[in-house]
Amino acid sequence: MTDQQVRKDDEIAEAQTQAVIDSAHLEGLEIKSLTQWQLARRKFFQHKLAMTSLVILLLVFLAALFADFIAPYDFAEPDVPNRSSPPTFEGQHYFGTDKIGRDYFSRTLFGTRTSVYVAFIVASVSTVIGVIIGGVAGYYGGAIDNLLMRMTDLFLTIPFLAILLVLSAFLGAGSPVRVAFILGFLFWTGLARIVRGEFLSLREKEFVEAAKVLGASDSRIIFRHILPNTLGPIIVNATLTVAAAILVEAALSFLGFGVQPPFPALGVLIADGQDSLTTLWWLATFPGLTIVLIALCINFVGDGLRDAFDPKQRVK
Amino acid sequence: MGTFIARRLLYSIPVLLAATILVFFGMTAVTDPISQIRLQPNVSQQTIQNIIDRKHLDEPVVVQYGFWLRDVFFNQFGNTALGDQPIWPDLSRAIGNTMQLVFISELIAVVLAVVLGVFSAKKQYSFFDYATTTISFFGFSVPIFWFALILQALATWFFLETGFRLFYTFGQSSFAPENAFIDRIQHMVLPIVTLSYVSIATYSRYQRASMLEVLHSDYVRTARAKGVKERVVTMKHALRNALIPVVTIAALSFGAVLGGAVITETIFAWPGMGKFFIDALIRGEVYTLMAWLMVTAVAVILANLVADIVYGWLDPRIRYD
């Protein structure tokens with residue numbers, strides 16, 4: 001095919017496209033081009049389950065954040081006349097009280113605040129570490145990649161919970177921030193693998209080659225060209241990490257190796273209710289249901305985000 | 001096949017050695033046996049000096065590692081620091097008890113998850129599909145210890161209401177039971193339900209996804225086109241390939257299942273590895289903890305080996321020579 005012919009073909013194709021657009025305009029249709037982010041946002045907003053979950057989550061988080069104003073009682077102050085009260089609206093003990101009269105609705109609110117606070121630190125710390133390690137391994141490959149991946153393999157051979165328990169037992173957990181950092185420094189392996197995989201495939205792409213030819217530095221290529229293209233999986237993973245962190249922190253605190261009294265955390269509240277499961281059933285029930293609600297909503301949001309970032313899924 | 005297993009076992013040796021390094025130096029980095037013992041009252045200076053001599057704690061860390069390694073491989077993990085008791089007899093008993101729980105619950109989990117996953121995939125977007133999806137989302141979101149407590153509360157409530165003991169919520173066996181086998185099952189049901197629920201939730205999602213993918217593949221369409229019955233297409237052509245991801249995830253989660261056993265056994269007072277681990281942790285018994293970590297590492301490595309063997313059985317293209 002000669003040059004001229006190609007140009008002619010191009011012109012024809014262009015004219016055809018223009019004709020389609022024109023006819024669409026005639027029929028009153030508008031054609032807009034959307035960026036990846038706009039598409040993802042639109043898909044997420046159309047995901048009913050994810051949007052509902054997001055609204056519930058925001059309400060729970062806001063209630064926990066403003067626990068000082070919402071909680072009818074202090075979390076440690078006993079309401080002595082109403083000891084062991086079942087859930088009631090009269091004395092504003094919506095979730096009942098324990099044996100010494102502490103209001104469990106207030107305690108659950110403050111506990112949620114601690115647990116969510118811990119989970120957000122865990123998600124941030126582990127995301128930063130996971131992106132750096134996964135990015136370095138995927139971009140540079142070779143020996144660094146090998147070393148890092150063998151290290152994560154090795155961590156997989158020992159139960160995660162056991163490592164966590166040993167670390168928090170001997171490093172003296174107890175305060176929420178300490179627990180959060182111990183968890184954060186262990187939660188990055190899954191994300192590191194995902195980021196590594198994305199970097200491995202993206203670094204071979206033409207646009208990265210073009211950037212290299214133009215003389216872009218490694219850090220510019222990593223942060224300006226590759227990283228934005230991997231943000232989808234990173235955001236999904238960070239979201240799911242919040243749910244996982246809440247569950248693991250609750251388990252640690254329940255076993256007595258995580259957040260410890262006087263800090264209120266949902267796992268601690270459940271442990272307090274463990275001894276009176278059949279008599280004061282509300283003590284273990286409501287903090288547990290709160291965990292389930294939060295984790296379920298986060299999982300649904302994460303699922304919606306995953307669909308939203310997946311280019312194979314169309315906007316309806 | 002024999003050579004494959006032998007080669008894989010040989011390949012496991014460096015992994016195992018790396019695990020010993022991780023366990024020993026990791027543990028040394030966060031604590032040391034003496035400082036844990038010093039926290040306990042009624043321990044004389046002479047006792048501590050004896051432990052230091054016996055465990056060579058005045059030598060460099062690398063030398064200590066060597067002595068520990070010798071104990072691990074030739075001395076059944078050696079003795080505890082305080083009391084100088086052999087670790088292995090108690091640990092091996094705990095391993096046996098845990099394996100009862102873990103094997104049965106994993107078997108139930110894999111079988112049920114495969115059945116649920118296959119049916120959800122065959123009837124995608126049906127009521128059944130949505131129901132299993134919902135149940136498995138709850139499985140990801142329910143804290144395992146809370147689930148165990150709810151089961152315990154329900155069983156106790158049932159006993160108090162009816163006076164009939166259906167399931168026990170505590171321990172492994174009753175004192176002088178009428179029928180030892182039934183008694184053991186009554187003790188096992190609740191821990192097994194707890195342990196398998198979370199696994200079922202995860203595995204059935206994988207099974208559903210992989211089954212959907214296989215059912216839409218070209219070779220399945222070909223099988224249908226040449227007139228193979230739908231039942232045979234599902235069970236023989238599709239299922240076999242769709243099982244591979246589930247085998248992978250079941251093997252990879254073996255460590256997580258042992259972690260789940262720690263929580264479950266603590267709540268149900270099952271005298272297994274989980275309870276053994278928490279007890280050692282509370283006592284600050286470093287050598288027992290390291291032995292425990294090594295045993296789980298070996299278990300996870302073996303689980304992965306089993307998975308590799310199963311791959312070859314599922315997919316004849318994978319050859320082992």
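Author: Helix α10 (residues 206–213) of chain A is hardly covered: of its 8 residues, the count that are buried is 0. Buried means that 20 or more other C-beta atoms lie within 10 Å of the residue's own, exposed means 12 or fewer, and partly exposed is in between, with C-beta atoms placed from the backbone. Helices are DSSP runs of H or I of at least four residues, strands are runs of E of at least two, and both are numbered from the N terminus. This is a predicted model, in which local features need pLDDT of at least 70 and side-chain atom pairs count only at pLDDT 80 or more, while totals for chains, interfaces and linings use all residues. Residues are numbered from 1 along each chain as its sequence is written, and chains are lettered from A and ligands numbered from 1 in the order in which they are written. Just after α10(A), A:G215 has a positive phi of about 90°.

Most residues other than glycine have a negative phi, and most peptide bonds are trans. Chain B has exceptions on phi. B:H56, which is not a glycine, has a positive phi of about 55°; B:H56 sits in the loop between α3 (45–54) and α4 of chain B. B:H56 counts as partly exposed because it has 13 C-beta neighbours inside 10 Å. Phi of B:A269, likewise a residue other than glycine, is positive and near 50°. B:A269 belongs to the loop between α11 and α12 of chain B and is partly exposed, with 15 other C-beta atoms within 10 Å.

Another loop residue is B:Q76, between α4 (61–74) and α5 (88–122) of chain B. With 15 C-beta neighbours inside 10 Å, B:Q76 also counts as partly exposed. Two residues are in contact if their C-beta atoms, placed from the backbone, lie within 7 Å. Leaving aside neighbours within four places in sequence, B:Q76 is in contact with B:P86 and B:W88. From B:Q76 to B:A19 is 57 residues in sequence and 17 Å in space, C-alpha to C-alpha.

Now the helix packing. In chain A, the axes of helix α3 (residues 48–65) and helix α5 (residues 104–140) come within 8 Å and cross at roughly 105°. Axes here are lines fitted to C-alpha atoms, for helices over the stretch in contact, and angles run from 0 to 180 degrees between N-to-C directions. Angles of 65 to 115 degrees count as roughly perpendicular, under 35 as roughly parallel, over 145 as roughly antiparallel and the rest as oblique. The contact pairs A:V60, A:F61, A:A63, A:A64 and A:L65 of α3(A) with A:L109, A:T112, A:R113 and A:V116 of α5(A). By class, these are 7 nonpolar, 1 polar and 1 charged residues, where Ala, Val, Leu, Ile, Met, Phe, Trp, Tyr, Cys and Pro count as nonpolar, Asp, Glu, Lys and Arg as charged, and the others, Gly among them, as polar.

In chain B, helix α10 (residues 230–252) and α13(B) pack at an angle of about 175°, with axes 9 Å apart. They are therefore roughly antiparallel to each other. Residues in this contact include B:L243 and B:V247 in α10(B) and B:V306 and B:V310 in α13(B). The contact divides into 10 nonpolar, 2 polar and 1 charged residues.

As a whole, chain B has 13 helices and 0 strands, and 36% of its 321 residues count as buried. Chain B averages a pLDDT, the predictor's confidence in each residue from 0 to 100, of 87.

Between the chains, the contact takes 38 residues from chain B and 32 residues from chain A. On the chain B side, α7(B) gives the largest share, 9 residues. That side has 30 nonpolar, 8 polar and no charged residues. The largest nonpolar core has 157 residues, and A:A251 and B:W292 are among those with the most contacts inside it. A nonpolar core is a set of buried Ala, Val, Leu, Ile, Met, Phe, Trp, Tyr and Cys residues joined through C-beta atoms within 7 Å. Apart from neighbours within four places in sequence, A:A251 is in contact with A:G267, B:P143, B:I144, B:F145 and B:I263. For the complex, the predictor gives an ipTM of 0.87 and a pTM of 0.86.
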